[in-house]
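This text goes through one structure in steps, from terms to the whole chain and then to single residues. Please keep the sequence and the model in view while reading.

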Amino acid sequence: MPALNLGDLDITTDEFILDEVDIHIQANLEDDLVKEALKTGVDLRQYSKQVETELQRIEQASIKDFLPLTLPVSDIKESQNIASLHNQITACDSILERMEGMLSGFQSDLSSISSEIQTLQQQSVSMNVRLKNRQAVRCHLSQLVDELVVPGAMISVILESPVTEQEFLEQLHELNNKINFAKELSFRETLACSDIQDIVDRLKIKAVSKIREFILQKIYSFRKPMTNYQIPQNTLLKYRFFYQFLLANERQVAKEVRDEYVDTMSKIYYSYFKSYSGRLLKVQYPYETLFRSQHYALLDNGCREYLFLCDFFMVAGNSALDLFNCIMGKTLSMFLKSMSTYVSDCYDSIAVFLCIHIILRFRAITAKRNIPALDKYWEAVLELLWPRFELILEMNIQSIRNTDPQKLGLLDTRPHYITRRYAEFSSAIVSINQTFPNQRTNALLGQLQAEVENFVLKMAAEFPSRKDQLIFLINNYDMMLSVLMERAADDSKEVEGFQQLLLARTQEFIEEILSSPFGGMIAFVKESEALMEKGQLDRLKNDEARITQLVRGFSSTWKQSVEALSQDVMRSFTNFKNGTGIIQGALTQLIQYYHGFHKVLSQPTFRSLAVRSELINLHHLMVEVKKHKPNF
C-alpha cells in the first residue's frame with residue numbers, strides 16, 4: 001500500500017526534531033537541586049531570589065567582621081569557617097548559574113513548542129477550509145451529475161406510457177426541468193451539456209407528439225353531435241401542464257393546438273346559439289322572455305369559457321379578452337344583428353325596458369364574478385336598446401299631447417281607458433326602474449305624467465257641470481293612484497303627485513255636494529265667521545227670519561238630504577272604498593259646519609233668539625249621522 005502524503009501536515013519530518021528537546025529536559029531533571037525543588041514544590045524563580053538575598057546579607061556581615069585593623073584570636077579561628085562559607089557560596093553561584101542556563105533552555109524549548117502549536121493550528125484551519133470547499137464542489141457536482149443523468153425510468157415512461165397516466169405527468173415535469181437545465185448549461189457553454197442534449201431532444205419530440213395527439217383528440221371530440229363539451233374541457237384542465245410544456249418547448253405546436261381549439265369552439269358556440277335562438281323564437285313567448293333565456297345561456301357559457309381560457313391557455317388581461325373574442329365574436333355579432341332587426345320595428349317600450357334591465361343585472365353578475373369578457377357586448381346591447389326605449393316613450397308623450405278629447409266619443413265620468421293604460425304603463429316602468437334607477441327615465445316619466453294630467457283636465461272640461469267634472473277627475477286620479485301603489489313605492493314622485501291632486505279634488509267635491517242641500521247654512525256660517533274675526537257680527541242681528549228658516553229647514557230635511565247624498569256618491573264613483581271615504585268626509589264636514597252654526601248662534605248678538613231652542617243637539621246629530629255611514 002503506498003505511503004500517504006500529508007504535505008504540509010506531515011510532522012514526522014526532520015523539521016520537527018522533538019527527541020533532542022526531550023533528552024535535554026530529562027538531563028536537567030536529574031540534577032539533585034532540581035529534584036529537591038520539584039519535590040518540595042518550590043518555585044525556582046522565587047527560590048533563586050531568596051538565595052541571592054541570603055548571599056548579599058552574608059557578604060555584608062563578612063565585610064563588617066574584617067573592618068578592624070587588629071583582629072582578636074578568636075576571630076582568626078573563624079577565618080577557616082569564613083573560607084568554608086565562601087567556598088559554599090561559590091558552589092551555590094555555580095549551581096544557580098547552571099539552573100539559570102537550564103531554565104533559559106527550558107523557556108526556549110517552550111517558545112519553540114508554542115510556535116509549532118500555532119503552525120499546526122494554522123495548518124488545521126487551512127485544511128478545514130479546503131475540506132469545506134471540496135464538500136461544496138462535491139455538492140454542486142453531485143447536483144450537476146443528477147441533472148445530467150437521464151434515468152431509464154423516464155425514458156421508458158415517456159416512450160411507452162399513455163399520457164393520461166400519473167407517472168407520465170410526473171416524468172414530464174422532470175423532463176421539462178432537464179430541458180431547462182440543459183438550456184442553462186448551453187448558455188454557459190458547459191461541455192457536459194452535449195452528453196445529454198441528444199437524448200433530451202428525442203424525449204422532448206416524443207412527448208410533444210403524444211401531447212399534441214391527445215389534446216387534438218379531445219378538441220375533435222367537441223364536434224360530435226349532442227356532445228356536452230364541458231366534460232372534455234374539464235378533462236383538459238386536469239392536464240393543463242401539457243399546454244404549458246408545449247408553450248415552453250414547441251411554440252409552433254402550441255399555436256396549432258390553440259388555433260384548432262379556437263376554430264372548433266367558435267363553430268360550436270355559433271351553431272349552438274343559432275339553433276337555440278331559432279327554437280326559442282318558435283315558442284310563442286314575449287320577446288323579453290326569449291331575450292332573457294338567450295342571454296342567460298350566453299352569460300353562463302361565456303363566464304365558463306373565459307375561465308377555461310385563462311386557466312388552460314395561461315392568458316390574462318387583454319390577451320384573454322382577445323382570445324375570448326376570437327371564439328365568441330361570431331356568436332355575439334349574430335345576437336346583435338338579431339336584436340337590431342327586432343328593435344328597429346319594436347314599439348313595446350316595456351319589453352325594451354325589461355331587456356335593458358336584464359342586461360344591467362347580467363352585467364352586475366359578471367362584475368361580481370370579476371369576469372370582463374362580456375363587458376363590451378353589454379355596452380353594445382345597451383347602446384342599441386336605450387335610444388329605442390327613449391324614442392318610444394317620447395312618441396307616447398307626443399301622442400297624448402296631440403289627443404283631441406272631442407274625437408274620443410261619448411263622455412263618461414268613469415276612468416278613461418287612456419289614463420288606465422298610462423297608470424299600468426307608468427307603474428310597470430317605475431317598479432322596474434327602482435332596481436337600477438336611471439335619471440333619463442325618470443325625466444321622461446315626469447313629462448309623460450304632466451301630459452296625462454293635462455289630458456285629464458281637458459277631458460273634464462268637456463263635462464257641462466262642475467260636479468261631473470270633479471267626479472271624472474276623482475275617478476281617474478283614484479284609479480291611477482291605486483294602480484301605481486300596487487307596484488311603485490309609496491314615496492315615489494308619481495304616487496305623491498296623484499295623492500295631492502286626489503285630495504284637492506275630493507275636498508272640492510265635498511263642498512260641491514254639501515252646497516245643494518245645506519248651502520244656505522254653510523254660506524251663513526262662513527259669512528258670520530268672517531264678520532266675527534272683524535268684530536262686525538252685529539251687522540246680522542236683523543237676520544232673524546233667515547236664521548229661523550235655516551234652523552227649521554235643517555232640522556226637517558237633513559236626514560233625507562244625507563241619505564240622498566250618500567246614494568248619489570255611491571253611484572258616482574267606481575271605487576267603493578273611495579266613495580265611502582268621500583261620504584265620511586262629507587258627513588264630517590257637515591258636522592263641522594253645524595258646529596260652527598251652533599257657535600255663531602251662541603254669540604251675544606243671537607243669544608236672545610227663540611229659535612235657538614230648536615237647534616239639534618250636536619252630540620245627537622253625530623250619533624244620527626253615524627247611522628248613515630255606509631259599511632263595505
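A residue is called buried when its relative accessible area is under 20%, exposed when that area is over 50%, and partly exposed in between, using a 1.4 Å probe and protein chains only. By this rule Glu614 is partly exposed, because its relative accessible area is 36%.

The model is predicted, so local features need pLDDT of at least 70 and side-chain atom pairs count only at pLDDT 80 or more, while totals for chains, interfaces and linings use all residues. Residues are numbered from 1 along each chain as its sequence is written, and side-chain values use heavy atoms, with hydrogens and water left out.

Confidence comes next. The predictor gives each residue a confidence value, pLDDT, from 0 to 100. The protein chain has an average pLDDT of 85, and 85% of the residues score at least 70. Over residues 1–18 pLDDT stays under 50, and the model has eight contacts for this stretch beyond four places in sequence; a contact means heavy atoms within 4.5 Å. Where pLDDT is low, the predicted coordinates should not be read in detail.

Now the chain as a whole. The protein chain has 21 helices and zero strands. Both are DSSP runs numbered from the N terminus: helices are H or I with at least four residues, strands are E with at least two. Of the 632 residues in the protein chain, 38% are buried. Among contacts with a separation of 6 or more, 76% are between residues 24 or more positions apart. The accessible surface of the protein chain is about 37,600 Å², and carbon and sulfur atoms account for 52% of that surface. Such areas come from the Shrake-Rupley method with a 1.4 Å probe, and for residues only the protein chains shown count as cover.

Which residues make a nonpolar patch on this surface? Phe106, Leu110, Ile113 and Ile117 form one of about 340 Å². Patches are made of residues with over 30% relative accessible area and no salt bridge; like charges are joined within 9 Å, and nonpolar side chains (Val, Leu, Ile, Met, Phe, Trp, Tyr) within 5 Å. Ile113 belongs to helix α4, residues 73–148, and is partly exposed because its relative accessibility is 34%.

Thr331 sits in helix α12, residues 317–343, and counts as buried because its relative accessible area is 0%. Beyond its neighbours within four places in sequence, Thr331 is in contact with Tyr269, Tyr270 and Phe273. Val495 is part of helix α18, residues 493–534, and is also buried, with a relative accessible area of 0%. Not counting residues up to four places away in sequence, Val495 touches residues including Leu481, Leu484 and Met485.

Charged side chains give another set of links. How many salt bridges does the structure hold? There are 19, each being a side-chain nitrogen of Lys or Arg within 4 Å of a carboxyl oxygen of Asp or Glu. In one of them, Arg440 pairs with Glu390, with the closest N and O atoms 3.7 Å apart. This pair links distant parts of the chain, since Arg440 is in helix α16 (residues 439–460) and Glu390 in helix α14 (residues 375–401), 50 residues apart. Glu390, Glu394 and Arg440 are linked in a network of salt bridges.

Lys467 pairs with Asp568, the closest N and O atoms being 2.3 Å apart. Arg552 forms a salt bridge with Glu614, with 3.0 Å between the closest N and O atoms. Here helix α19, which holds Arg552, is linked to the loop between α20 (576–601) and α21 (618–627), which holds Glu614, 62 residues away.

Cysteines remain. A disulfide is a covalent bond between the sulfur atoms of two cysteines; here the criterion is a pair of cysteine sulfur atoms within 2.5 Å. The whole structure has zero disulfides. Cys355 is in none, and its nearest cysteine sulfur, that of Cys346, is 7.8 Å away. Cys355 is buried, at 1% relative accessibility, whereas Cys92 is partly exposed, at 32%.
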